[in-house]
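This report describes one protein model for a reader who has not seen it before. Please look over the sequence and structure shown below before reading on.

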Amino acid sequence: MHIDIGEWQVRSHRADDAESLARYANNRNVSRNLRDAFPFPYTLADANGWLEGTMRASPESDFAIASPTEVIGGIGLTFGSDVYRRSAEIGYWLGEPFWGRGITTAAVIAVTDYAFAEHDLMRVEAAVFESNPASARVLEKAGYVLEGRLRKSVTKDGHTLDELMYARIRE
């Protein structure tokens, strides 16, 4: 998969992505806004393990946010099952040197449109920690609607937080 988003792109991962993936993912300011499954510190071994698994996945659901020369972030879909089979969750992160440039918003729009075009989905949702207003703003700019607040639903770094649930529905 390859989608141009201005000077950036959302594309399939490649084996040679490991070094830049580890460089930008190994940042406490990135990991503090993500689920604990995203490790910190983030090592080259973590990057290689991630790439090995994601490059074998079918359907492909995890993608690189990249410049023409390196990975600068990631974005992916987790598909629902059973009664949630027409829903997916979107998750994303971006290396701190690239924050504030609209890259994540463009990537979220591109992958959401891709998800609706390529999969039989009616809903794409995203959950954001209340302590991450920048991510909530990304979703709002990408056309997602705040549906609710899940009170005290996540615990990150010893703090129990509310989670904000956003969704975009197929038109």
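## Strands 4 and 5

Strand 4 and strand 5 run antiparallel and are joined by seven bridges. Two strands count as paired if DSSP finds at least two bridges between them. Helices (H or I, at least four residues) and strands (E, at least two) are DSSP runs, numbered from the N terminus. Within this pair, Ile75 has Tyr92 of strand 5 as its bridge partner. Strand 4 is mostly covered, with seven of its nine residues buried; buried means under 20% relative accessible area, exposed over 50%, and partly exposed in between (1.4 Å probe, protein chains only).

## Basis of the model

The model is predicted: local features need pLDDT of at least 70 and side-chain atom pairs count only at pLDDT 80 or more, while totals for chains, interfaces and linings use all residues. Residues are numbered from 1 along each chain as its sequence is written, and side-chain values use heavy atoms, with hydrogens and water left out.

The strands belong to an open sheet of eight, in the order 1-2-3-4-5-6-8-7, with mixed pairing. Strand 1 (2-5) and strand 7 (145-156) stand at the edges with a single partner strand each, so one side of each has no neighbour in the sheet. From one strand to the next, the twist averages 25°. Axes are lines fitted to C-alpha atoms, for helices over the stretch in contact, and angles run from 0 to 180 degrees between N-to-C directions.

Strand 3 is paired on both sides. Four bridges connect strand 2 (residues 8-12) with strand 3 (residues 62-66), and the two run antiparallel. Five bridges connect strand 3 with strand 4, also in antiparallel fashion. Strand 3 and strand 4 form a hairpin, with four residues between them. Ala64 in strand 3 stands opposite Arg11, and Ala64 also stands opposite Gly74 in strand 4.

## Helices 4 and 5

Two packed helices are described by the angle between their axes and the distance between the axes. For helix 4 and helix 5, the angle is about 50° and the axes are 9 Å apart. That makes helix 4 oblique to helix 5; angles under 35 degrees count as roughly parallel, over 145 as roughly antiparallel, 65 to 115 as roughly perpendicular and the rest as oblique. Thr104, Thr105, Val108 and Ile109 in helix 4 meet Val138, Leu139 and Lys141 in helix 5, where contact means heavy atoms within 4.5 Å.

Helix 5 (residues 133-141) also lies across strand 5 (87-94), strand 6 (123-129) and strand 8 (159-169), and runs at about 160° to strand 6.

## Salt bridges

Side chains of opposite charge can pair when their charged atoms come close. A salt bridge here is a side-chain nitrogen of Lys or Arg within 4 Å of a carboxyl oxygen of Asp or Glu, and by this rule the count comes to 15. One of them joins Arg86 and Asp120, with the closest N and O atoms 2.9 Å apart. Arg86 lies in the loop between strand 4 (71-79) and strand 5, and Asp120 in the loop between helix 4 (103-118) and strand 6, so the pair ties together parts 34 residues apart in sequence. Arg86 is partly exposed at 34% relative accessibility, and Asp120 is exposed at 53%.

Arg123 forms salt bridges with Glu125 (2.8 Å, N to O) and with Glu147, where the closest N and O atoms are 2.6 Å apart. Arg123 lies in strand 6 and Glu147 in strand 7, so this pair ties together parts 24 residues apart in sequence. Arg123 is buried, with a relative accessible area of 18%, whereas Glu125 is partly exposed at 22% and Glu147 is partly exposed at 44%. Elsewhere, Glu19, Arg23 and Glu70 are linked in a network of salt bridges.

## Backbone exceptions

Most residues other than glycine have a negative phi, and most peptide bonds are trans. A cis peptide bond joins Phe40 and Pro41, with omega about 0°; Pro41 is in the loop between helix 2 (28-31) and helix 3 (44-54). The bond from Ser58 to Pro59 is also cis, with omega near 5°, and Pro59 lies in the loop between helix 3 and strand 3.

Lys152, in strand 7, has a positive phi near 50° and is exposed, with a relative accessible area of 55%. Asp157 has a positive phi of about 55°. Asp157 is found in the loop between strand 7 and strand 8 and is partly exposed at 45%.
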